[in-house]
Every structure is written in structure tokens, then in C-alpha cells.
Amino acid sequence: MAIRYGKKDNEAGIYSFMDSVAKEAEEYAVNHTTPLSDLLEEIENFTLTKTPYPSMLTGRVEGRFLQLVAQLSSARQIVEVGTFTGYSALAMAEVLPDDGRLLTVEHNRDYAKLARNFFDRSPSGFKITLCVGEALEVLKTLPDAETDLVFVDADKQNYSAYYRESMRILRNGGLMLADNALWYGRIFDPKDDESRAMAAFNEEVRTDDRAEKLFLTIRDGIYLIRKVGSVR
Ligand SMILES: C[S@@+](CC[C@H](N)C(=O)[O-])C[C@H]1O[C@@H](n2cnc3c(N)ncnc32)[C@H](O)[C@@H]1O
């Protein structure tokens, strides 16, 4: 099924990266990428048609990418910051082995309820723990160096703080994926707090010798970071 992206979120609001830069390329990529499970397709359709901010959804290309990264890195312990309707969490959980676990954190109770209902319907739902709360507070409770993969997709002002906590909880060789690293192109000339925070986060990662990094222009940008040194 062909899926069309690029809806404006609201009248006042934000256009997706695809609208302004590469909508056709994005649709082409979607239609040349293996669809995910029926339930993930249902979550995607639900989110695109029934929620006020559909562009928050990662979607098929990024969902498949997250699955591949989890598979190729043989991840067993995954932490996600920003659940929304549960799409990316479930995508990664589906490729985890049965003894793998994914913790996802969401501070909006309504979104958490929607996600939990979807997780309950999935045969992979038992691998997911959904925590309702402030992501930074939850990350601070996690042990050092036991996580294989962190996916950050939430409030932009906290990305640097999420990065520091991720570098603490990741094992050496573990991976962090930071979504919206391009922040709709606003990082090139940041004019607001969120854009400045994203530009500062990208710069912090770029100059951190504890990390190998690859800046990907998939969708709204994904910063792929591999922890290679010990935490100072
Ligand atoms: C871009 S959406 C996540 C999309 C999701 N990863 C997906 O693929 O569908 C960001 C989510 O993070 C949540 N969020 C924002 N700030 C948060 C915080 N400080 N703690 C926990 N959740 C937060 C928002 O409520 C929102 O649901």
C-alpha cells in the first residue's frame, strides 16, 4: 500500500522536513521499503489520521531502519525516550529475541494509554515496559553500562542531557540513535530555544571523542552514535 506523507500538523504549525525538502524522495523511499507488521501499519494509519501531530511518528523507513540497527547490533536491552503511540517501540521489540527487553518512557498519559493498548495486542508486547514519567528522571535510575541501544525521540531541550545519560547507561560499543537531528533544517540558523538546543547537542556529539558518529539524513535526520570510550 502506498503511504503518503507530508501533512501539515496544524494551521499554525510545523511542516515536516519532507514538505520543504524531499517529499517525493521520502515517498519513493517508503514505497521501496518492506512494510512492517500489520499491527505497525495499523498504528501508522491510526496515528496519521487520528492524532493531531502525525509527523511525530517515525514511520516505515525509520521503523525498518531501527529494526535493522537492533538486529545488526544484536541488541538485547533497549531504552527509548518518547513513546507517542508506540510505533518505534513496537518496531524494535518485534525484532528483539524473547529474552530481550525494551523500556520506553512517555510523559503524556493519553499517548501512553494508546501505546499500551497496541502493545497489549502484540505477541511482542511482553518485551516492552512502558514507563509513564519524565524521561530524564527515568534514565537517571538506570544502571551504568548495561544498555545496548538507546533511541531518543522526545523534547529537544533535553537532548544533551539525554546524550550524557545515554553515554553512562550504554555499554562500550552500544549505540544511541537521536531522531530529528536536522530539526526541519532549523539547526543551520537556530532562532529559537529548541533549534539552539539541537544545534548544541549535535556539536557536543561531534566534538566528543568518546563517540564514533554518523549523521544520517534519513527523514528529519538521525544521529547514530557508538560509544567507544569510558565515561569520564
Ligand atoms: C516524536 S514523539 C515520539 C514518536 C515515537 N518514537 C514514534 O515513533 O512514534 C515524542 C514523544 O515524546 C514525549 N515526550 C516529550 N518530552 C518528554 C519527556 N520529557 N519525558 C517523556 N516523554 C516526553 C511526547 O509526549 C511525545 O509523545
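Q: Leaving out residues up to four places away in sequence, what does V152 touch?
A: This is a predicted model. In it, V152 touches V81, Y159, Y162, S166, M176, A178 and D179.

Q: Which residues have the most contacts inside the largest nonpolar core?
A: L90, M92 and V152. That core has 59 residues.

Q: How much of the chain is buried?
A: Buried residues account for 42% of the 232 residues.

Q: And how many helices and strands?
A: The chain has 8 helices and 7 strands.

Q: Switching to the ligand. What surrounds it?
A: A shell of 19 residues, of which T58, G82, F84, S88 and D155 are the closest. Two elements, α4 (87-95) and β2 (101-106), each give two or more residues to that shell.

Q: What is the shell like by class?
A: It has 8 nonpolar, 7 polar and 4 charged residues.

Q: Now α5. Which of its residues are buried?
A: Y111, A112, L114, A115, F118 and F119. Seen down the axis of α5, the buried residues fall within an arc of 160°, so they line one face of the helix.

Q: What do those buried residues pack against?
A: Against α2 (38-50), α4, β2 and β3 (128-132).

Q: And what is exposed on the other side of α5?
A: R109, D110, N117 and D120 are exposed there.

Q: What span should α5 have, and what does the model give?
A: At 1.5 Å a residue, the 12 residues of α5 (109-120) should span 16 Å, and the end C-alpha atoms are 16 Å apart, so the two agree.

How values were computed: Residues numbered from 1 in each chain as written. Predicted model: local features only at pLDDT ≥ 70, side-chain atom pairs only at ≥ 80, totals over all residues. Core = buried A, V, L, I, M, F, W, Y, C linked by C-beta atoms within 7 Å. Buried ≥ 20, exposed ≤ 12 C-beta atoms within 10 Å, placed from the backbone. Contact = placed C-beta atoms within 7 Å. Near = placed C-beta within 6 Å. Helix = DSSP H or I, 4+ residues; strand = E, 2+ residues; numbered from the N terminus. Nonpolar A, V, L, I, M, F, W, Y, C, P; charged D, E, K, R; others polar. Expected span 1.5 Å × (residues − 1). Arc of directions from axis to C-beta.
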